[in-house]
Amino acid sequence: MESKPRVLVVDDDHIIRAVYEKILNEKFELKIIDSGKQILDNLSTFYPDVILLDIMMPDINGYEICKMLRNNPHYKNLKIILVSAKAMVEERLEGYEAGADDYVTKPFDDDELIAKIRVYSQLKSAEELNGLKDSFISLISHETRTPLNGIMASAHLLKDNPNLTDDDREYLDFIIDGGKELLALSQKTILLGKLKQGGVNINKENFKLFNFVQNCLKVKMEKIESHGHDIQIDIPRDIDICCDKKLMFHAINHIIDNAIKHSSDQCSIKILAQDVNNKKTLTISNTGEPIPSERVNQLYEEFFVGNIKQHNRGLGISIAIAKRIMDLQGGSLTFKNEEEGPSFKIQFPLSETISQMTPHKKRVHEQV
């Protein structure tokens with residue numbers, strides 16, 4: 001049997017508590033208490049999905065309880081619906097500022113309240129599932145780095161053995177290349193997790209775009225040359241941008257990497273920059289098959305695989321990272337199928353001098 005959503009009611013009015021009992025008891029797993037002081041003990045034993053919280057109570061009001069719960073990360077996914085006879089906009093806003101998810105006025109409509117409880121309980125379940133998925137992926141990514149480095153280091157040492165046959169060396173190259181791919185995926189996943197959770201510093205600085213792109217390409221030249229790609233660069237040397245260098249290095253390289261993976265050998269990759277009315281853009285395109293229209297809206301989805309038969313060509317994480325990096329800095333990343341092939345355009349944030357920069361609002365955990 002499907003488990004019922006768990007609802008905790010906090011209200012000091014015995015008549016209202018009786019109403020809750022009547023309309024909610026059969027549809028939800030219900031716990032009713034009459035005091036805000038009892039809430040912590042009941043949270044630790046009842047584990048509700050949704051709290052129906054009265055505002056006006058004698059011991060501690062609903063706003064204070066709401067703030068207290070929102071300051072505890074253990075209850076970050078808990079859904080709180082404030083219930084009150086107060087119906088003024090100012091009172092609703094105070095409730096939302098305290099951290100409430102919704103606000104219901106008394107007397108409430110039974111069906112509407114039930115519908116809200118169901119929606120918020122489903123939302124809590126979805127958020128918890130996503131959090132578990134992200135935590136699991138991050139854990140796996142961190143835990144794979146050490147053994148992967150050990151595998152690759154051992155393979156490199158074995159290649160120094162003069163008694164190896166050509167076949168032996170080829171097998172070792174397969175091991176090393178596979179290890180590099182897994183290590184790159186691990187690093188990308190960790191970065192994506194930080195970007196999603198706000199765990200990065202934003203340190204903007206002014207720098208020349210031409211020199212920066214050249215440095216980005218240096219780490220990709222071996223792969224570009226192995227595929228026989230022709231690189232065409234058209235970047236005016238006087239274009240300055242103001243961005244976080246480390247984040248932009250990730251964004252540009254991930255887009256270039258995507259172009260390499262999804263181009264046939266001997267294709268062209270074009271990198272074009274423009275500065276029109278201080279709107280600075282960088283376009284990275286490649287000759288090849290256009291991306292089907294039904295897939296365009298899914299390009300920025302994490303781990304999206306358009307064709308499972310081509311899963312070895314990437315797990316749809318590079319573009320998701322680049323998009324988040326640009327959004328985080330006040331820029332943008334857009335896609336368009338041009339006549340020659342797929343094209344990604346980076347719109348940089350408006351340029352600033354160092355003296356003009358304002359403190360960037362961020363949650364800082366660690367540097368990328």
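## Overall composition

Of the 368 residues in the protein chain, 39% are buried, a class that takes in relative accessible areas under 20%, with exposed meaning over 50% and partly exposed the range in between (1.4 Å probe, protein chains only). The model is predicted, and local features need pLDDT of at least 70, side-chain atom pairs count only at pLDDT 80 or more, and totals for chains, interfaces and linings use all residues. Residues are numbered from 1 along each chain as its sequence is written, and side-chain values use heavy atoms, with hydrogens and water left out.

The protein chain has eleven helices and twelve strands, where helices (H or I, at least four residues) and strands (E, at least two) are DSSP runs numbered from the N terminus. Among contacts with a separation of 6 or more, 68% join residues 24 or more positions apart, a contact being heavy atoms within 4.5 Å. The accessible surface of the protein chain is about 20,900 Å², and carbon and sulfur atoms contribute 52% of that surface; such areas come from the Shrake-Rupley method with a 1.4 Å probe, and for residues only the protein chains shown count as cover.

## Helices α7 and α9

Helix α7 (residues 209–218) and helix α9 (residues 245–261) have axes that come within 10 Å and cross at roughly 60 degrees; axes are lines fitted to C-alpha atoms, for helices over the stretch in contact, and angles run from 0 to 180 degrees between N-to-C directions. The two helices are therefore oblique to each other, since angles under 35 degrees count as roughly parallel, over 145 as roughly antiparallel, 65 to 115 as roughly perpendicular and the rest as oblique. Their crossing is right-handed, the near helix being turned clockwise from the far one by less than a right angle.

On the α7 side the contact involves F212, V213, N215, C216 and L217, which meet K245, M248, F249, I252, N253 and I256 of α9. By class, these residues are eight nonpolar, two polar and one charged, with Ala, Val, Leu, Ile, Met, Phe, Trp, Tyr, Cys and Pro counted as nonpolar, Asp, Glu, Lys and Arg as charged, and the others, Gly among them, as polar.

## Helices α2 and α3

Helix α2 (residues 39–46) packs against helix α3 (residues 62–70) at an angle of about 45 degrees, with the axes 12 Å apart, which makes α2 oblique to α3. This crossing, too, is right-handed. In the contact, I39, L40 and L43 of α2 meet I65, M68 and L69 of α3, giving six nonpolar, no polar and no charged residues.

F46, also in α2, is buried at a relative accessible area of 8%. Beyond residues up to four places away in sequence, F46 touches R6, V7, L8, E29, L30 and K31; the C-alpha atoms of F46 and L30 are 9.4 Å apart, although 16 residues separate the pair in sequence.

S318 belongs to helix α11 (residues 318–328) and, with 8% relative accessibility, counts as buried. Apart from neighbours within four places in sequence, S318 is in contact with K188 and H254.

## Backbone exceptions

Most residues other than glycine have a negative phi, and most peptide bonds are trans. Y47, in the loop between α2 and β3 (50–54), has a positive phi near 50 degrees and is exposed at 52% relative accessibility. N278, in the loop between β9 (268–276) and β10 (279–286), has a positive phi near 65 degrees and is partly exposed at 37%.

The peptide bond from K106 to P107 is cis, with omega near -5 degrees, and P107 lies in the loop between β5 (102–105) and α5 (110–159).
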